[in-house]
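Here is my note on the aromatic contacts. Please read it with the viewer open.

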Amino acid sequence: MLDPDRYDQQAVEIVFVTSPRCHFCRDASELLEDLGDPYALNVREVALESVEGVAIASRFRVPFPPVLLIDGNYFGHGRISRRKLTKALDAIVGAEVAK
């Protein structure tokens, strides 16, 4: 992982669509909390049952939560892979550093 102290990192915008009693949502929430330390994440939680949550689920045709959008782009749903998410965040942060 990249060291965020080595550069001025912009926050990565995460939209996290969740539902009550969703074990994948709990797992993803813990993952985002863990990754919030090495990365600057601005996580906004959206209830699946809300108007915005329904619109996101419909737009990306996801059958079940959680849904993660990174900087407005679909990342994934269901069981979120730590390795895949870390790789995506490294790519984003690395691209921002290169600018």
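The points below take the ring pairs in turn, then a charge and a ring.

1. The model is predicted. Keep that in mind when reading the geometry. The structure holds 2 aromatic pairs.

2. Start with F24 and F64. Their ring centres are 6.4 Å apart. The planes meet at 35°, so this pair is tilted. Pairing requires centres within 6.5 Å, and planes under 30 degrees apart would count as stacked.

3. What does this pair tie together? F24 belongs to helix α1, residues 23–35. F64 sits in the loop between α2 (51–60) and β3 (67–70). The pair therefore joins parts that are 40 residues apart in sequence.

4. F24 is buried, at a relative accessible area of 19%. The cut-off for buried is under 20%. F64 is partly exposed, with a value of 38%.

5. Next come F60 and Y74. Is this pair stacked or tilted? The centres lie 5.5 Å apart and the planes are at 25°, so the pair is stacked.

6. This pair also links distant parts of the chain. F60 is in helix α2, and Y74 is in strand β4, residues 73–77. The separation is 14 residues.

7. How exposed is each partner here? F60 is partly exposed, with a relative accessible area of 23%. Y74 is partly exposed too, at 34%.

8. Last, a charge and a ring. The charged end of K84 sits over the ring of F75. The distance to the ring centre is 5.1 Å.

Conventions
Residues numbered from 1 in each chain as written. Predicted model: local features only at pLDDT ≥ 70, side-chain atom pairs only at ≥ 80, totals over all residues. Heavy atoms only, no water. Phe/Tyr/Trp six-rings, centres within 6.5 Å; stacked < 30°, edge-to-face > 60°. Helix = DSSP H or I, 4+ residues; strand = E, 2+ residues; numbered from the N terminus. Buried < 20%, exposed > 50% of the residue type's maximum accessible area, 1.4 Å probe, protein only. Lys NZ or Arg CZ within 6 Å of the ring centre and 35° of its normal.
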